[in-house]
Amino acid sequence: MTAHPAITSSTMDLDDLTRVLLIGSLVLLVAVAAVRLSVRSGLPSLLIYLGIGLALGNAGAGIQFDDASITRVLGYAALVLILSEGGLTTSWANIKDSVAPAAVLSTLGVVVSVLVVAVAAHALLSLSWTISLLMGAIVTSTDAAAVFAVLRNVPLPKRLSGMLEAESGFNDAPVVILVVAFAAQGVPGGSADPWWLLLLHAALELVGGAVVGVGVGWLGGQVLHRVAGASSALFSIGVVSLTVLAYAVGAAVHVSGFLATYLCALVLGNMGLPNRVAFQSFATAMGWIAQIGLFVLLGLLADPRRLDEQLVPAIVIGLVLLLVARPLSVLASMAWFRVPWRDQVFLSWAGLRGAVPVVLATVPLVVGTPNTEWIFDLVFMLVVIFTIVQAPTLPWVAKRLGLTEQVHSVDVDLESTSLMEISADVIQVTVGAESRLHGVAVFELRLPKGANVTLVVRGGEGFVPEPHTTIRHGDKLLVVTTSRVKQRTERRIRDISRGGRLAGWP
């Protein structure tokens, strides 16, 4: 690795720190401003961050960076935070019906896609079978950062958005396993394991990662709820730390740390912990920092003077992936479920690639697979070109398929804040446009003993409700409850929101 002259000395003084902070803060400010451009254009902001990295690199400001090993390490760290943010902000209610098809798409679909791309690479680019399989594995994974950034702005049915979010969270794990295995086989003297042994090894790692993730999430959440203080900031740090711990434990016992991270975050985000808005906001901020840093780093590693050499191969592999491999993987996976053909078409088009394939393209360089330097350039070009093609067209494709008419409105949103010192909680209830809480009087909620509606905010004005105060759409309620009956109170409010005032009547 060759660094900028300002930071090459063995010791770092305050002048060096000033330069680093100056460049870093300017990059972050430009990245924040770029989000607005991203929203207007429909393009993921990752393209702008990659452009910042290219501008700072060899062909721009002259910061020279060529260390694939550091890129892989920092890339993995960033992916942990991105998956953590994805899991913590994903609603289990929105994805529970999509988990099974998403899991099949993340396993069987990955295998189909890898094989199709490998056959095409072998036939069209005259690559060896080992390198062809390696190429197929690298470009197969959809990217959590790209999916979470783009799809949450496209009004899709819950079943479809949930499937894409779950897939992007699940499929990193099997792809990483395949990439590492194929890269190791390409090293001189490396032995090729039988295909059945490779699949068995992958299955064991995935099962182990799932066990670790769910276990750390549930146990850690229970402990954190009991020992953490009232500070929402400290609680947020604890929640995100648990998701990182899940990765570390998974990697330490040689199972899938990425799957462990995502499932741990998914459990923590849906187990009714207090300060949910606070820790989700903190995780989102960490995820943004990870994305910005990762994409700028990948832009630094890329050399614009070499990228044009891989333009044609990138287009060839990308077209095979978009028009053949992805549709076949969707078809093979969704055949087990009653998924409408319109959903399958959208799933085929919405397989967004981003940082994950580019990070994985550094793996063969790190493990020493010979003559694979060009793979990084090819994957970099593929991601840039096909992100420009796919991302802005997703709303149009969804509209043409008639999917945007099935948007689900949130009926009620609950947020709780812990008052641990007095064994109490404050629940904030937001009454959505379709909630059946509308028209229900406060006394008709029949909340458990120990819970009471203490404030109603309507039209920006707050007031203390009477028992006969009627709840309206758009109201925000503050419900104070003892910790002992908090879960019963939340369950009661949700039941009435869905079923009306007679829901659960004894």
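Mean pLDDT, the predictor's per-residue confidence from 0 to 100, comes to 83 for the protein chain, with 87% of its residues at 70 or more. This is a predicted model, so to speak with care: local features need pLDDT of at least 70, side-chain atom pairs count only at pLDDT 80 or more, and totals for chains, interfaces and linings use all residues. Residues are numbered from 1 along each chain as its sequence is written, and side-chain values use heavy atoms, leaving out hydrogens and water.

**Confidence along the chain**

**Helices α2 and α19**
- Helix α2 (residues 46–56) and helix α19 (residues 373–390) have axes that come within 11 Å and cross at roughly 140°; axes are lines fitted to C-alpha atoms, for helices over the stretch in contact, and angles run from 0 to 180 degrees between N-to-C directions.
- That angle makes α2 oblique to α19 (under 35 degrees is roughly parallel, over 145 roughly antiparallel, 65 to 115 roughly perpendicular, the rest oblique).
- L47, L50 and L54 of α2 meet F380, V384, T387 and I388 of α19 in the contact.

**Helices α5 and α6**
- Helix α5 (residues 99–124) packs against helix α6 (residues 129–140) at about 130°, their axes 7 Å apart.
- So α5 is oblique to α6.

Terms used. Helices (H or I, at least four residues) and strands (E, at least two) are DSSP runs, numbered from the N terminus. Contact means heavy atoms within 4.5 Å.
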